[in-house]
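Trainee: I would like to go through this structure by asking about its sheets, a helix, a single residue and the pockets.

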Amino acid sequence: MTYQDKEFLSILKEEKTRQENTIELIASENYVSKAVLDAQGSIFTNKYAEGYPNARYYGGCKYIDEIENLAINRARKLFNVEFVNVQLHSGSQANMATYFALLNVNDKILSMNLSSGGHLTHGSKVNFSGKLFDFHHYGVNNTGYIDYDNVLEIAKKIKPKMIVCGASAYSRIIDFKKFREIANFVGAYLVADISHIAGLIATNLHPSPVEYADVITSTTHKTLRGPRGAMIFTNNKDVFSKIQKSVFPGIQGGPMEHTIAAKAVSFGEVLLPSFKKYQENVLLNARYLSDAFMNRGFDILSSGTDNHLFVIDLSNMHISGVDAQNLLDSVNIAVSKSTIPNDTKSAWVTSGIRIGTPAMTSRGMNEKCMEKIADLIFESIKNRDNAKILKNIKETILKFVKNYPIPDYYE
């Protein structure tokens with residue numbers, strides 16, 4: 001591919017170099033295949049297609065309908081569901097569409113608080129969700145696990161119209177059946193936001209919410225290893241009818257059919273046997289890495305992980321989350337700062353960092369690599385005021401990552 005825009009090409013090359021030379025531990029990031037990149041950059045970009053397959057507001061949508069139906073049908077197969085909307089631009093919009101479809105403004109919603117691992121769209125006061133709806137929150141207990149009895153007690157007290165389960169930084173198995181029982185007890189809708197764990201659910205490595213939730217929302221990147229976007233699915237026909245209207249014309253106009261095409265391609269990759277092996281390795285690497293950190297004196301929330309991520313409480317290391325993030329970025333390790341339960345620092349500073357293994361597992365890293373990564377991070381934090389040692393760590397990383405190039409895993 002030839003680019004005529006030299007300014008753009010220069011930035012593109014720099015970002016390519018950054019990705020190649022970085023140990024990528026941001027839990028929400030991954031590497032899509034060449035096939036997904038090609039689909040997203042295809043001529044489907046040129047087409048406007050307001051509406052849904054066989055019900056468009058524009059002409060010339062015969063093949064647009066085919067590609068969108070391909071994405072829908074592959075998602076239905078992956079998650080064993082009947083109804084899927086693949087038009088959402090982001091996970092935030094998927095949650096927005098769901099709230100608007102089933103609730104009125106100021107209705108009560110119960111969800112996980114942000115400091116325990118919830119998401120901005122689960123009721124943060126700075127987000128549309130917290131501004132338009134009356135959110136109440138549950139958290140985690142002293143061991144870092146969800147206390148379902150406590151969730152029930154809160155639900156009984158506030159009587160929410162909706163309960164949201166799912167998280168952005170919770171490392172343990174979510175018991176969707178228990179959440180269903182709690183929702184039934186108070187007569188609430190149950191929404192499962194599986195954005196982070198969708199790849200694990202699609203490969204039967206985490207329990208599925210399909211049997212229990214009224215609505216499931218998810219992004220299509222992260223563990224699913226597809227393009228940045230989202231989807232909503234359900235087995236309830238009446239609920240889905242409301243969801244469809246809420247997405248279009250409710251909160252979106254023309255869908256991004258080039259991204260939907262990339263979703264279709266990535267869902268095809270998830271259906272391959274090799275993808276389950278990849279997810280198994282993601283889990284193994286997360287456990288290896290969390291153990292390696294604990295062996296070096298780091299405080300891991302809930303003392304481990306059941307999925308692809310975990311959160312490190314840095315309090316005993318005497319460094320804030322944002323300072324650790326910036327420090328590690330300087331030696332080519334990418335992490336994201338993260339709040340911890342009952343955090344005394346702001347969301348811009350935080351007391352922790354979130355670590356995830358999907359991206360580096362995609363690059364072929366294994367148990368020995370996880371040990372090395374833990375060592376590199378430990379040495380960086382320990383020697384954060386020693387420029388010479390940090391320079392040597394960066395040079396070590398540049399050599400190390402060359403053994404694990406960004407792959408093309410399409411088969």
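The questions and answers below concern a predicted model.

Trainee: In the open sheet of seven strands, which strands stand at the edges?
Mentor: The strand order is 4-10-9-8-7-5-6, and the pairing is mixed. A strand with a single partner strand has one side left without a neighbour in the sheet, so look for the strands with a single partner. These are strand 4 (83-85) and strand 6 (134-138).

Trainee: In the open sheet of four strands, which strands are left without a neighbour on one side?
Mentor: The order is 11-12-15-14, with antiparallel pairing. The strands at the edges each have a single partner strand, so one side of each has no neighbour in the sheet. They are strand 11 (299-300) and strand 14 (336-338).

Trainee: What is the bridge partner of K337 in strand 15?
Mentor: Strand 14 and strand 15 (residues 352-356) run antiparallel and are joined by three bridges. In strand 15, K337 has as its bridge partner I353.

Trainee: Which helix packs on the sheet that holds strand 12?
Mentor: The helix in question touches strand 11, strand 12 (309-313) and strand 15. Its direction makes about 15° with that of strand 12. It is helix 11 (residues 273-295).

Trainee: Which residues of helix 12 are buried?
Mentor: Helix 12 covers residues 321-330. Its buried residues pack against strand 13 (333-334), strand 14, strand 15, helix 14 (367-382) and helix 15 (387-401). The buried residues are G321, V322, A324, Q325, L327 and L328.

Trainee: Which residue takes a positive phi just after helix 12?
Mentor: The phi in question is about 75°. The residue that takes it is N332.

Trainee: Is N95 buried or exposed?
Mentor: N95 lies in helix 4. Leaving out residues up to four places away in sequence, N95 touches T121, H122, D193 and T217. Buried means under 20% relative accessible area. The relative accessible area of N95 is 1%, so N95 is buried.

Trainee: Which helix gives the largest share of the lining of the largest pocket?
Mentor: The largest pocket has a volume of about 1,200 Å³. Of its 33 lining residues, the closest to its centre are L12, Q19, V32, S33 and L37. Helix 1 (6-20) and helix 2 (34-40) are the elements that give two or more residues to this lining. The largest share, nine residues, comes from helix 1.

Trainee: How many residues of the lining of the second largest pocket are polar?
Mentor: The second largest pocket holds about 850 Å³ of space. Among the 37 residues that line it, L114, H119, L120, S168 and R354 are the closest to its centre. The lining includes eight nonpolar and six charged residues, and the number of polar residues is 23.

Note on methods. Residues are numbered from 1 along each chain as its sequence is written. This is a predicted model: local features need pLDDT of at least 70, side-chain atom pairs count only at pLDDT 80 or more; totals for chains, interfaces and linings use all residues. Side-chain values use heavy atoms; hydrogens and water are left out. Two strands pair if DSSP finds at least two bridges between them. Contact means heavy atoms within 4.5 Å. Axes are lines fitted to C-alpha atoms, for helices over the stretch in contact, and angles run from 0 to 180 degrees between N-to-C directions. On a 1 Å grid over the protein atoms alone, a cavity is a set of points where a 1.4 Å probe fits but cannot get out, and a pocket is an open set with protein on both sides within 12 Å along at least five of seven lines; lining residues have an atom within 4 Å of a point. Grid points are joined across faces, edges and corners, and a volume is the space filled by probe spheres set on the points. Ala, Val, Leu, Ile, Met, Phe, Trp, Tyr, Cys and Pro count as nonpolar, Asp, Glu, Lys and Arg as charged, and the others, Gly among them, as polar. Buried means under 20% relative accessible area, exposed over 50%, partly exposed in between (1.4 Å probe, protein chains only).
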